[in-house]
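Here are my notes, as promised, after going through the model. Have it open while you read.

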Amino acid sequence: LRVLVLISGNGSNLQAIIDSCDDHLQADVVGVISNQPDALGLQRAHHAEIDTSCVIARKGESRESYDLRLQQRIEKYQPELIVLAGFMRILSDDFVSQYEGRMINIHPSLLPKYTGLNTHQRAIDAKDTEHGASVHFVTPQLDSGPVILQARVPVYAEDTAELLTERVYEQEHAIYPIVVKWFAQGRLEMKDNLAFLDGELI
Ligand code: GRF
């Protein structure tokens with residue numbers, strides 16, 4: 001399976017996917033695109049001898065114009081699956097529709113709870129006893145596509161956002177490669193805005 005990963009920064013989820021490719025993931029990361037030229041994830045990709053590329057937003061550029069340039073760059077890699085791994089841009093509806101059922105994202109919360117930013121602090125502030133991460137298909141509405149796989153972690157009374165981030169990260173790195181593998185095995189599908197694994201509604 002030809003996998004393209006979009007990043008903006010650290011790229012630890014990218015790393016987890018790269019590392020599990022070695023363990024017969026049945027998937028190949030054929031390219032990494034970043035919107036930030038200094039993203040650490042680009043170095044991770046170089047290290048793994050994966051082709052990288054940057055699509056940097058121009059001053060005052062519209063979302064549509066940026067997304068069109070991004071799409072042109074993506075097409076060069078002929079990907080079968082697009083993996084958003086900390087890609088910090090909202091994507092236009094037109095862009096998302098192009099890749100319906102072929103684009104996944106990881107979000108650091110138990111969706112539908114806490115879409116958007118600062119999810120760890122919000123879980124602490126709400127005194128939640130449980131938090132986690134979700135991998136979902138990308139649909140036009142931000143962080144709202146059908147969930148494929150979630151991992152839960154406990155939230156402790158003395159937690160800080162940093163501690164909780166670390167605990168969730170560990171789970172992110174475990175579940176994202178699993179979902180990529182399922183997709184590579186042809187076991188995942190999105191239909192009518194619902195996610196299916198082996199034909200069963202998730
Ligand atoms: C992760 O927390 C992910 O859930 C969110 O952005 C962060 C990316 O981290 N979408 P990394 O760049 O993969 O380390």
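1. Strand β1 (residues 2-7) and strand β4 (residues 81-84) run parallel, and four bridges join the two. If you want a residue pair to look for, Val5 has Val83 of β4 standing opposite. Do keep in mind that this is a predicted model.

2. Now zoom out to the sheet. What is the order of the strands in the open sheet? Going across, you read β3-β2-β1-β4-β5-β6-β7, seven strands with mixed pairing. The edges are β3 (52-54) and β7 (147-154), each of which pairs on one side only. Ignoring direction, neighbouring strands of this sheet are turned by 20° against each other on average.

3. Next, the helix on that sheet. α1 packs there and touches β1, β2 (28-34), β4 and β5. The direction of α1 makes about 165° with that of β2.

4. On to the ligand. There are 15 residues around the ligand, and those that come nearest are Asn10, Ser12, Asn13, Gly86 and Pro108. Which elements give two or more residues to this shell? They are α1 (12-21) and β5. The largest share, three residues, comes from α1. By type, the shell around the ligand divides into eight polar residues, six nonpolar and one charged.

5. In the model, His107 is found in strand β5 (residues 103-107). Is His107 buried or exposed? His107 is buried, because 24 other C-beta atoms lie within 10 Å, and 20 or more is the cut-off for that label. Leaving out residues up to four places away in sequence, His107 touches Ala133, Ser134, His136 and Asp143.

6. Strand β9 (residues 194-197) runs antiparallel to β8, and four bridges join them. Glu189 stands opposite Phe196 in β9. Two residues lie between the strands of this hairpin, where Asp192 takes a positive phi near 45°.

7. β9 has another partner. Strand β10 (residues 200-201) pairs with β9 in the antiparallel sense, over two bridges. The bridge partner of Phe196 in β10 is Leu201. The hairpin of β9 and β10 has two residues between the strands, and Asp198 takes a positive phi near 50° in this hairpin.

8. Last, Leu188, which is found in strand β8 (residues 188-191). Why is Leu188 called buried? Leu188 has 22 other C-beta atoms within 10 Å, and the label is given at 20 or more. Contacts of Leu188, not counting residues up to four places away in sequence, are Ile148, Trp182, Phe183, Ala195 and Leu197. For a distance across the model, take Leu188 and Pro140: these are 48 residues apart along the chain, and their C-alpha atoms are separated by 19 Å.

Definitions and conventions
Residues numbered from 1 in each chain as written. Predicted model: local features only at pLDDT ≥ 70, side-chain atom pairs only at ≥ 80, totals over all residues. Buried ≥ 20, exposed ≤ 12 C-beta atoms within 10 Å, placed from the backbone. Contact = placed C-beta atoms within 7 Å. Near = placed C-beta within 6 Å. Nonpolar A, V, L, I, M, F, W, Y, C, P; charged D, E, K, R; others polar. Pairing = 2+ DSSP bridges. Axes fitted to C-alpha atoms, helices over the stretch in contact; angles between N-to-C directions.
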